[in-house]
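I'm keeping this notebook to record what I look up, one topic at a time. The structure goes in first, then my notes.

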Amino acid sequence: MRYTVLSALAIATLLFGCVSEKDASDVILLLDQSTYTVTEGDLVRFGIETWTINDRLDRLEISSYDRVNGKSELDTIHIGSARYVGEYLYRAPETETDSLVVELTFISYDNTSHSAQVHTYLNVINKDALLAESATSVLMYSPASGKPDGFSLHALQPVYASSADDADIDIYVPASSEPDRLSDEWKSKSGLKFVKMSGVDYSTITRDRLWALYSNAMKSDVVKNIGTGDVIMVGTDYAAAGIILVTGVFDEEGAGNDRYMFNVKML
């Protein structure tokens with residue numbers, strides 16, 4: 001699990017290396033945050049683990065701060081034992097701006113008034129905000145060209161489908177039965193699904209619109225008959241990952257410069 005630890009022990013360890021037991025913090029607080037970017041109104045899960053070397057923990061206070069709503073006292077969990085393990089579900093606030101950064105603060109107190117606190121951040125995205133370009137003018141070549149013939153959505157860059165790890169090959173151009181001809185289809189080695197749908201406006205697509213369109217569409221392991229201007233949604237069996245606009249298809253004489261050019265927006 002990914003833990004955020006802020007305590008006197010953690011800070012001292014970072015600054016000075018080892019610390020003696022007598023310098024250790026009385027209270028330790030660990031968080032496991034399910035995500036750091038979320039759409040407004042969605043839930044974020046915080047796994048919480050905290051303990052004290054003294055008799056018992058007294059309470060856990062949770063608050064938030066952002067530039068629109070100011071500070072909000074979210075919850076106080078009364079404990080009464082030396083260790084507490086639980087979770088807190090936070091619903092992201094609505095925002096009229098494209099995005100809003102929320103700072104969340106968790107403070108654990110024990111019965112001797114010692115405490116430990118964690119500050120963490122959450123980027124809240126307006127569900128109606130337009131998706132920004134993640135990569136533009138990407139070039140993906142025919143495998144017969146000897147140039148990158150695949151694309152990684154994680155790295156947002158072209159890859160060689162023949163030499164990269166399959167998990168990195170989200171999209172690739174398969175070999176054509178005619179070596180000098182550019183294949184008109186794309187496939188995936190990472191399990192990515194494709195949806196080519198007419199009437200989708202790439203320029204004005206929002207997170208919610210993409211999610212709704214993809215969720216209700218028939219997914220495929222291959223997309224065929226790709227042409228300039230096509231809009232292709234990509235994702236898993238259950239969730240959208242992004243959307244692609246094909247801006248050029250170049251099938252020139254020979255195979256050395258046969259390629260696709262496209263733009264990508266990622267959720």
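This is a predicted model: local features need pLDDT of at least 70, side-chain atom pairs count only at pLDDT 80 or more; totals for chains, interfaces and linings use all residues.

**Entry 1: the whole chain**

What percentage of the 267 residues of the protein chain count as buried? I looked it up, and 42% of them do.

Next I went through the secondary structure and found 2 helices and 19 strands in the protein chain. Then I checked how spread out the chain is. Its radius of gyration is 25 Å, while the globule rule gives 18 Å for 267 residues, so the chain is more spread out than a compact globule. I also looked up the span of the C-alpha trace along its principal axes, which is about 80 × 40 × 30 Å.

A reminder to myself before I start: side chains of opposite charge can pair when their charged atoms come close. The count of salt bridges in this model is 11.

I picked Asp 32 to begin with. Asp 32 has a salt bridge to Arg 45, and their closest N and O atoms are 3.7 Å apart. Asp 32 is in strand β2 (residues 27–33) and Arg 45 is in strand β4 (residues 43–52), so this pair ties together parts that are 13 residues apart in sequence.

Is Asp 32 buried or exposed? Asp 32 counts as buried, because its relative accessibility is 12% and the cut-off for buried is under 20%. Arg 45 has a relative accessible area of 34%, so I wrote it down as partly exposed.

Which other residue does Arg 45 form a salt bridge with? That partner is Glu 87, with the closest N and O atoms 2.8 Å apart. Here the pair links distant parts of the chain, since Arg 45 is in strand β4 and Glu 87 is in strand β7 (residues 83–91), 42 residues apart. Glu 87 comes out as partly exposed, at 42% relative accessibility.

**Entry 2: another pair, and a network**

I moved on to Asp 230 and Lys 196, whose side chains meet in a salt bridge at 3.6 Å, N to O. This pair also links distant parts of the chain: Asp 230 is in the loop between β16 and β17, Lys 196 is in strand β15 (residues 193–196), and they are 34 residues apart. Asp 230 is buried, at 19% relative accessible area. Lys 196 is partly exposed, at 38% relative accessibility.

**Entry 3: a negative patch**

Now for the surface. I found a negative patch formed by Glu 178, Asp 180, Asp 251 and Glu 253. I looked up Glu 253 from this group, and it sits in the loop between β18 (240–250) and β19 (259–266). Glu 253 is at 84% relative accessibility, and over 50% means exposed, so exposed is what I wrote down for Glu 253.

Leu 182 counts as buried, with 8% relative accessibility.

**Entry 4: Leu 130 and Pro 148**

For this pair I checked the C-alpha atoms again. Leu 130 and Pro 148 are 18 residues apart along the chain, and their C-alpha atoms are separated by 30 Å. Leu 130 is in the loop between β9 (115–125) and β10. At 52% relative accessibility, Leu 130 counts as exposed.

**Entry 5: positive phi angles**

Last, I looked at backbone angles. Ser 137 isn't a glycine, yet it has a positive phi of about 50°. Ser 137 is in strand β10 (residues 135–141). With 46% relative accessibility, Ser 137 goes down as partly exposed.

Where does Asn 225 lie? I found Asn 225 in the loop between β16 (222–223) and β17 (231–235). Asn 225 isn't a glycine either, and its phi is positive, about 55°. Asn 225 is exposed, at 57% relative accessible area.

Conventions
Residues are numbered from 1 along each chain as its sequence is written. Side-chain values use heavy atoms; hydrogens and water are left out. Patches are made of residues with over 30% relative accessible area and no salt bridge: like charges are joined within 9 Å, nonpolar side chains (Val, Leu, Ile, Met, Phe, Trp, Tyr) within 5 Å. Accessible areas come from the Shrake-Rupley method with a 1.4 Å probe; for residues, only the protein chains shown count as cover. A salt bridge is a side-chain nitrogen of Lys or Arg within 4 Å of a carboxyl oxygen of Asp or Glu. Lys and Arg count as positive and Asp and Glu as negative; His and the chain ends are not counted. The place of a charge is taken as NZ of Lys, CZ of Arg, CG of Asp or CD of Glu. Helices (H or I, at least four residues) and strands (E, at least two) are DSSP runs, numbered from the N terminus. Buried means under 20% relative accessible area, exposed over 50%, partly exposed in between (1.4 Å probe, protein chains only). The radius of gyration is taken over C-alpha atoms; the globule rule is 2.2 Å times the number of residues to the power 0.38.
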